[in-house]
Amino acid sequence: MSEHGLKAAQDKMRAAGVSEAAIEVFSHYYHELESGAGGLILESLIEPLSDVATVDGIEVSEADAHEAFAKTVFIKLNGGLGTSMGLDRAKNLLPVRDGLNFLDIIVKQTLSARERYDVALPLLFMNSFRTREDTLEVLAKYPDLAVEGLPVDFLQNQEPKLLADSLEPAEWPADPTLEWCPPGHGDLYTALEGSGVLDQLLAAGFRYATVSNGDNLGATPDPQIAGWFAQTGAPFAAELCVRTVNDKKGGHVAVRKEDGQLVLRETAQTSPDEMQYFTDEHRHRYFNTNNLWLDLQAVRDTLTAKHSVLGLPMIRNTKTVDPADASSPSVVQIETAMGAAIEVFPGATAICVGRDRFVPVKTTNELLLLRSDLYELDDLGHLVAQTEKAPEVILGKPFKLVQDFERRIPEPPSLREAELLTVDGDVTFGRGVVVKGRVQIDADEPTTIADMTVLEG
């Protein structure tokens with residue numbers, strides 16, 4: 001074992017001011033990495049989840065919902081840069097609708113919920129060291145956002161990238177910031193503890209947290225689900241959606257045969273020869289939306305009992321130290337997923353929600369859907385679907401980066417009557433374009449679709 005590599009990494013983290021809790025967690029996974037832990041969840045060890053509460057079927061009185069909601073905090077993950085879309089700032093700064101970006105809309109959702117339900121509802125962003133400054137600049141526009149005695153954000157931890165051949169901390173003098181990486185959103189629990197925010201929330205009388213990705217504007221604060229979660233007495237709950245043929249890649253929740261515990265299985269935890277089970281949407285019907293509900297006291301008690309190490313399944317992510325330079329040294333990033341904590345808390349549960357609570361933006365395909373006339377933004381900051389089902393959008397390589405996407409689609413086409421839009425090639429859309437039915441555009445040379453064109457299959 002490379003004790004020298006581990007000590008060098010620990011020293012580097014301490015010099016950077018990383019909390020001792022985060023260093024303890026990193027050390028745990030460093031040893032797992034050295035031991036070659038694979039973290040596979042075999043199909044023979046689990047069975048499909050079948051009995052799930054549904055959001056339409058819960059019965060919660062208005063008084064119980066309000067009581068739970070008054071003790072709830074709203075946490076949004078905001079550490080991602082959206083590098084796969086060509087961004088170098090927080091992805092949630094992207095304009096979405098009506099001149100508002102993700103952050104603006106999340107704030108609108110929070111402030112409107114406070115007023116409507118007469119609750120404090122603190123909003124906290126988990127930022128990374130790369131997104132914090134820009135995010136706080138946007139939030140400064142909202143002087144009424146902060147709840148007295150509580151911050152509006154806390155910082156996700158950082159850890160050293162490790163050289164793949166030696167597991168020693170990588171050095172990159174050309175840009176020392178590239179020597180560091182976030183530990184995945186599974187760091188949520190460690191960051192809450194190490195920052196002191198977890199204890200601040202409990203001391204202020206808050207018991208529950210609803211946590212979701214910042215790019216998922218469908219995951220709004222919901223008093224009914226808060227009331228349901230409080231009634232269950234569960235320490236942890238995951239919001240699930242029914243899988244379709246388009247949800248083959250997302251992690252699904254299953255039941256561990258050994259003890260009946262719910263577990264989350266991701267692609268990286270599936271043996272290659274068992275992928276047919278993983279991708280079978282009829283066998284494993286429910287995928288994880290990454291909308292979570294936490295009992296903060298249970299989180300505190302568990303972290304204390306486990307000496308800050310929850311022991312989430314490790315994800316080994318191999319990249320180059322400079323993502324933009326394929327010739328730079330190969331490194332390993334140790335990551336965990338926050339939804340995997342479902343297996344850490346005995347008695348954890350789940351609830352099946354509608355697709356309206358799962359509207360993520362990971363690619364420009366989804367950004368086009370969100371900006372189009374498929375949605376409208378109501379007074380509460382909620383995205384209101386204008387059709388029963390969103391069409392499938394497949395944009396080719398020329399649209400992958402946001403700057404190229406926006407140059408080619410300065411105004412989104414109407415998609416309310418569309419079933420499928422596939423665009424392959426260098427295509428620029430004029431204004432007022434309407435897509436109907438199933439449309440496929442193949443362009444061998446630069447092509448412009450004229451203003452007001454109606455495209456039909």
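Two strands count as paired if DSSP finds at least two bridges between them. Helices (H or I, at least four residues) and strands (E, at least two) are DSSP runs numbered from the N terminus. The model is predicted: local features need pLDDT of at least 70, side-chain atom pairs count only at pLDDT 80 or more, and totals for chains, interfaces and linings use all residues. Residues are numbered from 1 along each chain as its sequence is written, and side-chain values use heavy atoms, without hydrogens and water.

In strand 17, valine 332 is the bridge partner of leucine 162. Strand 9 and strand 17 run antiparallel and are joined by two bridges. Both belong to an open sheet of three strands, ordered 9-17-16, with antiparallel pairing. Strands 9 and 16 are the edges, each with a single partner strand, so one side of each lacks a neighbour in the sheet. Helix 2 packs on this sheet and touches strands 9, 16 and 17 (contact: heavy atoms within 4.5 Å). The direction of helix 2 makes about 125 degrees with that of strand 17; axes are lines fitted to C-alpha atoms, for helices over the stretch in contact, and angles run from 0 to 180 degrees between N-to-C directions.

| Element | Residues |
|---|---|
| Strand 9 | 162–163 |
| Strand 16 | 315–320 |
| Strand 17 | 330–335 |
| Helix 2 | 20–35 |

The protein chain as a whole has 12 helices and 26 strands. Its C-alpha atoms fill a box of roughly 65 × 60 × 50 Å along the principal axes.
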